[in-house]
Amino acid sequence: AVYSDADAQAPHVRACDEAVHIGPADPKDSYLQWERILAAAEQTGAQAIHPGYGFLSENAAFAKACEAVGVTFIGPSPAAIEAMGLKAQSKRLMAAAGVPLVPGYHGDNQDPGYLKSQADAIGYPVLVKASAGGGGKGMRIVSSSDAFLDALQACKREALNSFANDDVLIEKYVQRPRHIEIQVIGDQSGKACHLSERDCSVQRRHQKLTEETPSPFMTPELRKAMGEAAIKAAEYIAYEGAGTVEFLVDKHRNFYFMEMNTRIQVEHPITEEVTDYDLIREQIKIATGTLISGRNHEPKQHAIECRINAEDPYANFRPSPGKITAFHAPGGHGVRIDTHVYAGYTIPSNYDSMIAKLIVTGRNRQQAIERMKRALDEFIIEGIKTTIPFHRQLMDHPDYVAGNYTTKFMEDFEMK
């Protein structure tokens with residue numbers, strides 16, 4: 001393992017046979033310093049590096065650096081990461097692969113007047129998005145031609161500050177869509193398969209709060225079509241390892257490619273639980289040259305994941321770092337906890353606010369919801385604010401229980 005000052009007491013450091021300190025808490029001085037990570041690999045004789053799902057996991061330069069020193073990067077090739085790294089470029093590739101796209105402009109001409117003419121031609125509302133963006137940054141919904149140039153300027157400014165790249169793309173804004181993603185896995189022969197879908201529509205500020213599989217909106221016909229499109233996307237770029245093809249799905253079940261995440265996802269456990277397929281194990285096997293069977297996997301049960309964040313849901317999900325004074329995790333059949341915290345652990349302000357993932361599995365969606373309610377009732381974290389109260393209220397919300405939710409669900413949700 002590698003660790004920063006902030007993670008010196010983290011469970012992964014204590015669990016590993018060897019742990020190497022790589023710098024201060026600030027990520028730019030530790031986890032983003034890939035020279036230090038490669039030095040740690042050399043020091044310990046490590047043959048491969050698994051980058052997880054943050055920091056360097058989608059960094060083509062790091063993957064190339066691993067390649068250059070003979071260390072296996074457990075993930076896709078640098079070329080595949082680069083192909084899907086810029087939203088505009090990835091959409092041009094997916095258009096060539098025959099994957100459905102939202103109508104829009106994904107070209108290189110970034111002249112404001114030209115971009116406005118493209119938006120006018122697409123028809124409002126449109127979505128202006130940073131090409132190099134993610135996490136909701138550098139994104140604006142524009143409702144009219146008169147508001148376009150101001151929104152474009154704000155979007156470009158934010159994109160430049162966040163990603164050092166102010167290129168944008170413009171798309172027709174799909175109103176109240178579902179956000180449904182398909183888990184894919186590919187091997188070194190260029191073959192890919194899919195492991196069904198995850199519905200990630202409950203989100204705030206374009207960041208996911210809960211995920212479930214199968215999607216309550218899914219039909220066998222839609223799963224087949226989306227699965228085939230995701231495989232097309234993966235095979236077109238010769239994708240290796242685990243990745244996720246993300247789609248927007250409108251109320252008529254038309255689906256459109258949004259982006260591809262060239263890494264394992266935070267929400268991968270729910271796919272593992274319903275398909276009995278260990279994605280991390282398969283990533284490692286594929287990196288050694290093992291070929292996949294090519295068989296697609298459909299969900300046998302129902303699973304839900306709640307992201308437990310150190311945030312105050314009563315204060316617009318404001319971050320709540322600090323010391324955990326009490327920690328009791330739920331357990332029992334069909335309950336899984338992925339976490340790195342414990343009583344006495346101090347959550348730093350340097351990293352993402354997610355501190356645990358609570359995953360439950362049931363024979364059907366109703367059982368999974370009931371099991372999640374019980375698990376949330378038993379989950380105790382004191383000393384900081386968390387999203388546990390939000391998730392508990394969500395599990396009783398009639399629209400969520402009915403499976404009737406979209407990416408706009410949180411606009412009407414009120415904490416009680």
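This is a predicted model: local features need pLDDT of at least 70, side-chain atom pairs count only at pLDDT 80 or more; totals for chains, interfaces and linings use all residues.

Reader: In the open sheet of four strands, what is the strand order?
Author: Strands here are DSSP runs of E with at least two residues, helices are runs of H or I with at least four, and both are numbered from the N terminus. Two strands pair if DSSP finds at least two bridges between them. The pairing in this sheet is antiparallel, and the order is E5-E8-E6-E7.

Reader: Which are the edge strands?
Author: An edge strand here pairs on one side only. E5, for instance, pairs with strand E8 (residues 168–172) over two bridges in the antiparallel sense, and Gly-104 has Glu-171 in E8 as its bridge partner. The edge strands are E5 (104–105) and E7 (139–142).

Reader: Is strand E9 enclosed or open, and how many of its residues are buried?
Author: Buried means under 20% relative accessible area, exposed over 50%, and partly exposed in between, with a 1.4 Å probe and protein chains only. In a regular strand the side chains alternate between the two faces of the sheet. In E9, Arg-178, Ile-180, Ile-182, Val-184 and Gly-186 point one way, while His-179, Glu-181, Gln-183 and Ile-185 point the other way, and all are buried. E9 (residues 178–186) is therefore largely enclosed by the rest of the structure, and the buried count is nine of the nine residues.

Reader: How many bridges join E9 to strand E14?
Author: E9 is joined to strand E10 (residues 192–199) by six antiparallel bridges, and the two form a hairpin with five residues between them, where Gly-190 in the turn has a positive phi of about 95°. With E14 (residues 241–249), E9 also runs antiparallel, and Gln-183 stands opposite Thr-244 there. The number of bridges from E9 to E14 is nine.

Reader: Which residues does Gln-283 touch?
Author: Gln-283 lies in helix H10 and counts as buried because its relative accessibility is 5%. Ile-284, also found in H10 (residues 279–287), counts as partly exposed because its value is 41%. Taking contact as heavy atoms within 4.5 Å, and not counting residues up to four places away in sequence, Gln-283 touches His-50, Ile-74, Ala-242 and Ile-264.

Terms used: Residues are numbered from 1 along each chain as its sequence is written. Side-chain values use heavy atoms; hydrogens and water are left out.
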